[in-house]
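This briefing is meant for someone who is meeting the structure for the first time. Please look through the sequence and the model, and then follow the points below, topic by topic.

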Number of protein chains: 2
Amino acid sequence: MKKVITISRQFGSAGRSIGKAVAEKLGYAYYDKEIIEKLAEQTGLSKSYIENTGEHAASTNLFSYAFVGRTIEGQSVEDYLWQKQRELILEIAEKDNCVIVGRCADYILKEREDALHVFIHADQAKRAKRIVELYGETKVNPEKRLMDKDKKRAVNYKYYTNHTWGMSENYHISLDSGVIGIDECIDIIFRLVNEL
Amino acid sequence: MKKVITISRQFGSAGRSIGKAVAEKLGYAYYDKEIIEKLAEQTGLSKSYIENTGEHAASTNLFSYAFVGRTIEGQSVEDYLWQKQRELILEIAEKDNCVIVGRCADYILKEREDALHVFIHADQAKRAKRIVELYGETKVNPEKRLMDKDKKRAVNYKYYTNHTWGMSENYHISLDSGVIGIDECIDIIFRLVNEL
């Protein structure tokens, strides 16, 4: 029986919905936006800053200047946030049976033998359709929105873990939710958590 | 019900054994070394050349000079072999319910909607142990043997497909056989083939 499940996901692949459903089926705590709220309390940074930076800190480090030159405890604001986020994820996993979505949790918790690390992806057309259904149209076309978001996640992951985001070997199981279907993904993960 | 299963695998991850067991359970034909024999018949090239080159043609192209300057039908011997292998895999998938191991079959058959594409991996320590048990010790240490073989597969895959070998998004499902276990991998794939 695995105690902690991390779900990494391409934008629009239904990874969050799958994570939420798995948590409900297992009776586990579910952490996604909850992490943002806790970090806002701890750090005094705004929720919207944390939401934008928590998974893209490295690209913020590299490409933008929101807090240029500003440091907290001798670190850039982005590195400070990464450090706080890392500590919080380690603490949550220690305390709770839980599902954690995103935020490099697979890497942060890779030493835990009671964790199952999952990656959810799907082809671009299916993901584009899903984000328009869920979040509506914007001026930017959906394919570009997918690419921008996943590019930032990949850059962030590389910067803080030195691994390549989305490589099979980072995760115990990777699933194409577009071909396999959301319900079947939930079933496979649920069965695995119970059997391992 | 999927008709064709491709299994790509890290060296030593038990991908072949898993593929063979899935084929037996499903009553499907199993293709691995059989492809080498058929290609030898068709091309007149030796089995050992095909075995060494069929998954490493690009690295042979880049790094060695076995057939330097020699061409068949206006192509390098390696590209000719790739072409023949591609045609054979397309033909096998059309004809048979089957499991095909390696040889970029996931890419070659990616347009087939009745195919399930699987990647099997495991951590280095478990794979090193397995190749020593299966193939014995050699002068080269097992970690280096793993790296050499997978590096060649990755270079070959990149050269002929322009994708990154081992990225989750190339496959419908990727499994860590070391953590999930060989029997459970077989069960998951078997169930998926039947349910999709």
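Over all chains of this predicted model, a search of the whole structure finds 24 salt bridges.

**Salt bridges within the chains**

- In helix 7 (residues 124-135) of chain B lies Arg127(B), and in helix 8 (residues 142-161) of the chain lies Asp150(B), so that the pair links distant parts of the chain, 23 residues apart.
- The closest N and O atoms of the salt bridge between Arg127(B) and Asp150(B) are 3.0 Å apart, and both of these residues are buried.
- Another salt bridge joins the side chains of Glu133(B) and Lys129(B), at 3.3 Å from N to O, and these two residues both belong to helix 7 of chain B, where they are 4 residues apart, or about one turn of the helix.
- An α-helix has 3.6 residues a turn, so residues three or four places apart point the same way.
- Glu133(B) is exposed, with a relative accessible area of 59%, and Lys129(B) is likewise exposed, with a value of 56%.
- Salt bridges that share partners bring Glu94(A), Arg112(A) and Asp114(A) together in one network.
- Within that network, the side chains of Arg112(A) and Asp114(A) meet at 2.9 Å, N to O, and Asp114(A) is partly exposed because its relative accessible area is 22%, which lies between the limits of 20% for buried and 50% for exposed.

**How the two chains are related and where they touch**

- The contact draws 24 residues from chain A and 24 residues from chain B, and between them the two chains bury about 1,900 Å², of which 56% is on carbon and sulfur atoms.
- Of the area that chain A buries against chain B, 25% is supplied by Ser168(A), His172(A) and Val179(A), which is more than any other three residues supply.
- Across the interface of chain A and chain B the rule finds 0 salt bridges, whereas 12 residue pairs are counted in polar contact between these chains.
- On the side of chain A that touches chain B, at least two residues each come from strand 6 (115-121), strand 7 (173-176), helix 9 (177-180) and helix 10 (182-195) of chain A, and helix 10 of chain A gives the largest share, 5 residues.

**Helix 10 of chain B**

- Helix 10 of chain B covers residues 182-195, which makes 14 residues, and the distance from its first C-alpha to its last is 20 Å, close to the 20 Å expected at 1.5 Å a residue.
- The buried residues of helix 10 of chain B are Glu184(B), Cys185(B), Ile186(B), Ile188(B), Ile189(B), Leu192(B) and Val193(B).

**A buried arginine in chain A**

- Arg9(A) has its place in strand 1 (residues 4-9) of chain A, and Arg9(A) counts as buried because its relative accessible area is 8%, under the limit of 20%.
- When neighbours within four places in sequence are left aside, the residues in contact with Arg9(A) include Gly15(A), Arg16(A), Glu55(A), Val101(A) and Gly102(A), and also among them are Phe119(A), Ile120(A), Arg153(A) and Trp165(A).

**Two residues with a positive phi**

- Most residues other than glycine have a negative phi, and most peptide bonds are trans.
- Ala14(A) has a phi near 75°, a positive value in a residue other than glycine, and its place is the loop between strand 1 and helix 1 (15-26) of chain A, where Ala14(A) is buried, with a relative accessible area of 6%.
- Asn162(B), also a residue other than glycine, has a positive phi, near 65°, and it lies in the loop between helix 8 and strand 7 (173-176) of chain B.
- Is Asn162(B) buried or exposed? At 60% relative accessibility, Asn162(B) counts as exposed.

Conventions
Residues numbered from 1 in each chain as written. Chains lettered and ligands numbered in written order. Predicted model: local features only at pLDDT ≥ 70, side-chain atom pairs only at ≥ 80, totals over all residues. Heavy atoms only, no water. Expected span 1.5 Å × (residues − 1). Buried < 20%, exposed > 50% of the residue type's maximum accessible area, 1.4 Å probe, protein only. Contact = heavy atoms within 4.5 Å. Buried area = accessible area lost by both parts, 1.4 Å probe. Salt bridge = Lys/Arg side-chain N within 4 Å of Asp/Glu carboxyl O. Polar contact = N/O pair within 3.5 Å; in protein donor to acceptor, adjacent residues only side chain to side chain.
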